[in-house]
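Q: I'm new to this one. Can you put it up and walk me through a few spots?

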Amino acid sequence: MSGSDRHYDNRGRGQGADRGQQGNPFARLAPFIQEYIYRKKWDTLREAQVEACRVLFDTQHHLLIASGTASGKTEAAFFPALTELYHRPSESVGILYIGPLKALINDQFERISELLREGEVPVWHWHGDVSQAEKTKLMQRPCGVLQITPESLEGLLMNRPNAIPALFHDLRYIMIDEVHAFMGADRGIQVLSQLTRLERMASCTPQRIGLSATLSDYDTAARWLGAGTPQPVEVVSPQGGRKLKLSVEHFSFPDARDEREAEHLELAKQNYYNFIYDHTHRKKALVFTNSRSDAELTTLEMRRIAAKREERDVFHVHHGSISAMLREETEAALKSGSGPAVAAATVTLELGIDLGELERVIQLGAPYSCSSFVQRLGRSGRRGDAASEMMFLCAEEEDEEAQLPARMPWTLLRAIAVIELYVRERWVEPLDLRRKPVGVLYHQTMSTLKSIGEAEPAELARAVLTLPAFRGIEPDEYKKLLQYLLQTDHIQQTEEGSLIIGLGGEKVVNNYRFYAVFKDDEEHVVYNGSEEIGSITTVPPPGYCFSLAGKLWKVEEVDGKHKAVYVKSSKGKVDTLWLGAGGDVHTRVMQKMRQVLEEQTLYPYLAPGAVNRLERARRLARESGLLRSPVIPAGGNSLFILPWAGSKQFRTLERLLKHNLTEPMGLRQVVPMEPYYMVVAGTADAESLLASIRDELSGAHDPEALLDAAEAPYLGKYDEYVPPELVRRAFAVDGLDVKGLAEVLRKQSGERPVIAERNGLVTRQQKGDQDGFKN
């Protein structure tokens, strides 16, 4: 792809030979977009933008744009799509933009509002924080661009089916931002179902455009994007090196067994939080945590240090339980505020929001996936040639008297593994699409029935089973679902034989929480006077204190009826009030962690504390025989099992041990420390237990054999409304991985891992930038 073919000066003239307007993407763009490019003083169109123009101007193909953060993906999608609306205005909404987060929609709304100011193409956004008056204006005159969440789109399809044709009959494009956040999850199944339903209801055939900075499995992503349509999907994935500045430091917290150790622990924690403070408080910085509780605690500690030093409080917190107003204040402080600003955040700031010129990203602990690492890394280095800068701070308890696997620095190993896998091998977790999503099957059945009012059983089955995500559902399975819903009064059959929603179903469907297919805890809204602070899942009684929005509050009153908690400012104890667990880890990450322990490779981005901790872990692994076998003696009648397998395979092994081997092998107890190791107590020796595990796996062709007869574990929010037989089958297919577990244990049967040199996949720029950074 030569520069003469792809680059254009800021007056729209090709730098190479004159190819005419047909070959010049800039010249084909609407005048207001050309003016926008002039104002931005861009000298060239980026590769993704040139390729997107080719696909959208000259074909009817769907388009998947997979390129790094700050690579111009949004403009690549909108430039040709808006040009189409400019030259041929749509008679309904012309572009439907679906985003995973309200914050991302708000960010993109502001971003493209500037672009459209002179183009006279209206932009609407629709989610829970948008006023009813604004929504009514759109319904009265549907046109332009509509930005929406999947949950709000579900509400439209369910509750306003008669308005869908007028809203979307001339829909030209559907854009799905951050597609990786949908694929492989129930929300992605919901989105695919919505697209097919919308196209049927509005009789439209829009082109689909998917955007992502975090993809490696392009074929699966392309199949997902085009599911249920005849058009092929073209993938635009510009390659380009990114400057990286990476650093990993480790902090050991001693176990507080006595007063002296308690003092050492307190000192270690002070040093840890002072380190975070010293490396952020004069910068625009983002501190990522893996939980809302950690984000709250970190912000609280930063504010205490600022007060103690009599310095300015520049600290904020951003997560899903903070009120919309406070989240927007945080985003504004990072994006356009004067002076330094630091935000502790969870996944809510991981996706796509442009926070401007962030100077540093810090990760407390390690991401659970390479996908998350790439997203978080991309929050910095978004302007010009600035490097993407990320510092990992791994704080872990260290107890020399603990059990052997508990003495491993698992968080440090995970941090190194995700860095090595992505930076050296450009590996990101492949998509894992569910084959029997029975909970979403229930959800889309009820939503479809609500939308059409009533339907013959065959008509409902045809409408639902032809949605692309449910091709793995057999007609007989769907018949069993409908029969079960009739028995539980979620649906009823009229005298004429058609189906309507029953009394039990009305209670579920008419609740606003039905729009979402992801699990959400029942929350109480917290108010300080009339100001909404956020929400909590565990409600303390009056008089108790807790942390929210990085501040301490004391409960004054709890209004259970209206799910409200009234508080006042406090200086009491710290407590956090959300339930939560860690994320899933892929087998490839676990295998890389094992490799890191086994090798003697020196990683240039490790700071001294991390180098020291890794060396001690490697020495302990060598001396203890930790890597010798997946099953090793633990002393007495106990064994350690270290499968070095991903979360799904780990849970499969746990179930196999408890269900199939407890009695034959004389196992009294199986204690999982997911996803790293298990402690097994009983009479079996290590060699016999490993042999029995392998024997069981070699004959376990049906994963349902790992479930008790009456067992039906839930995988999704609506599984509880599905017949247990189908839930059981879905869990066996989508929740377990017998084949994957057998494969990972086979690789550990005395074979040393093959350590491939992959320097050819690392650009010279990346190699030179792995030296860490000095502070």
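Q: Is E454 buried, partly exposed or exposed?
A: E454 is partly exposed, because its relative accessible area is 44% (buried means under 20%, exposed over 50%, partly exposed in between, with a 1.4 Å probe and protein chains only). This is a predicted model, where local features need pLDDT of at least 70 and side-chain atom pairs count only at pLDDT 80 or more, while totals for chains, interfaces and linings use all residues. Residues are numbered from 1 along each chain as its sequence is written, and side-chain values use heavy atoms, with hydrogens and water left out.

Q: Where does E454 lie?
A: In the loop between α17 (438-452) and α18 (457-465). Helices (H or I, at least four residues) and strands (E, at least two) are DSSP runs, numbered from the N terminus.

Q: Salt bridges next. How many does the structure hold?
A: The structure holds 35, each being a side-chain nitrogen of Lys or Arg within 4 Å of a carboxyl oxygen of Asp or Glu.

Q: Which residue does R616 form a salt bridge with?
A: With E398; the closest N and O atoms are 2.2 Å apart. That pair links distant parts of the chain, with R616 in helix α22 (residues 608-624) and E398 in strand β13 (residues 388-398), 218 residues apart.

Q: Are those two buried or exposed?
A: R616 is partly exposed, with a relative accessible area of 27%, whereas E398 counts as buried at 16%.

Q: What about E743, which residue does it bridge to?
A: E743 forms a salt bridge with R746, and the closest N and O atoms are 2.9 Å apart. The two are separated by about one helical turn, because they are three residues apart in helix α26 (residues 738-747). An α-helix has 3.6 residues a turn, so residues three or four places apart point the same way.

Q: Which residues are linked in a network of salt bridges?
A: K436, D476, E477, K480, E725 and R729.

Q: Changing topic: how many residues of helix α8 are buried?
A: Nine of the ten residues in α8 (residues 150-159) are buried. Among them are L153, L156, L157 and M158, as well as E151 and E154.

Q: And T220, which side chain does it contact?
A: The side chains of T220 and D217 are joined by a polar contact of 2.7 Å (a pair of N or O atoms within 3.5 Å; within protein, one must be able to donate a hydrogen and the other to accept it, and residues adjacent in sequence count only if both atoms are side-chain atoms). T220 is found in helix α11 (residues 218-225) and is buried, with a relative accessible area of 10%.
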